[in-house]
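Opening the notebook on a new model today. I'll start with the whole chain and then look up a few residues one at a time.

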Amino acid sequence: MDIGLPSGQTNLEGDALLITIGHRPRVEGLNFQQAGIAYTLKGIVVEDHLRISQEHIYTTGDCTGSYQFTHHAAWQAFAIVRNALLPTDSKGVTGLILWTTFPNQEVTQIGLFEE
């Protein structure tokens with residue numbers, strides 16, 4: 001993995017390493033315009049029941065521009081399937097999502113120890 005060390009440098013020293021990884025939907029280059037699918041840089045535009053601009057297509061998860069949690073995507077998928085198979089009208093979009101922040105992050109190491 002290239003971590004961007006200056007030319008000729010092979011070691012990097014420090015007291016701590018913080019790596020943050022974010023993710024966003026990748027919608028560029030998928031020809032959504034040609035398919036008539038509305039989207040923004042935040043993801044595919046969905047209505048409250050998770051239908052996209054092509055009303056016969058539903059979507060769930062990170063690509064909806066909503067909360068990026070697996071439990072939220074699973075709940076949305078359940079709502080989609082329930083609406084498709086049962087005579088219900090459940091919404092898959094809500095502003096009430098439970099999450100927890102763990103302030104004491106775990107530490108991960110890879111490679112050699114100082115000894």
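**Whole chain.** I began with burial: of the 115 residues in the protein, 18% count as buried. I'm keeping in mind that this is a predicted model. For the surface, I got about 9,900 Å² of accessible area, with 57% of it belonging to carbon and sulfur atoms. Next I looked up the secondary structure, which comes to two helices and two strands. Read from the N terminus, the order is α-β-β-α. I also checked contact range: taking contacts between residues at least 6 apart in sequence, 29% join residues at least 24 apart.

**Core.** Which residues make up the largest nonpolar core? I found five: Val27, Phe32, Ile37, Ile44 and Ile52.

**Glu47.** I moved on to the loop between strand 2 (43–44) and helix 2 (70–85), where Glu47 sits. Is Glu47 buried, exposed or partly exposed? I have Glu47 down as partly exposed, because its relative accessibility is 32% and that class runs between 20% and 50%. Its side chain has a polar atom 2.8 Å from the backbone nitrogen of His49. I also took a C-alpha distance: Glu47 and Tyr58 are 11 residues apart along the chain, and I get 9.4 Å between them.

Why do they fall into opposite columns of my notes? Asn83 has a relative accessible area of 13%, so I filed Asn83 as buried, the cut-off being under 20%. Val81 comes out at 46%, so Val81 went down as partly exposed.

What does Asn83 touch, leaving aside neighbours within four places in sequence? I noted His49, Thr88, Asp89 and Ser90. His49 is already in my Glu47 entry, through its backbone nitrogen.

For Val81 I checked the surface instead. Val81 makes a nonpolar patch together with Leu85 and Leu86, and I put the patch at about 310 Å².

Methods. Residues are numbered from 1 along each chain as its sequence is written. This is a predicted model: local features need pLDDT of at least 70, side-chain atom pairs count only at pLDDT 80 or more; totals for chains, interfaces and linings use all residues. Side-chain values use heavy atoms; hydrogens and water are left out. Helices (H or I, at least four residues) and strands (E, at least two) are DSSP runs, numbered from the N terminus. Buried means under 20% relative accessible area, exposed over 50%, partly exposed in between (1.4 Å probe, protein chains only). A polar contact is a pair of N or O atoms within 3.5 Å; within protein, one must be able to donate a hydrogen and the other to accept it, and residues adjacent in sequence count only if both atoms are side-chain atoms. A nonpolar core is a set of buried Ala, Val, Leu, Ile, Met, Phe, Trp, Tyr and Cys residues joined through side-chain atoms within 4.5 Å. Patches are made of residues with over 30% relative accessible area and no salt bridge: like charges are joined within 9 Å, nonpolar side chains (Val, Leu, Ile, Met, Phe, Trp, Tyr) within 5 Å. Accessible areas come from the Shrake-Rupley method with a 1.4 Å probe; for residues, only the protein chains shown count as cover. A salt bridge is a side-chain nitrogen of Lys or Arg within 4 Å of a carboxyl oxygen of Asp or Glu. Contact means heavy atoms within 4.5 Å.
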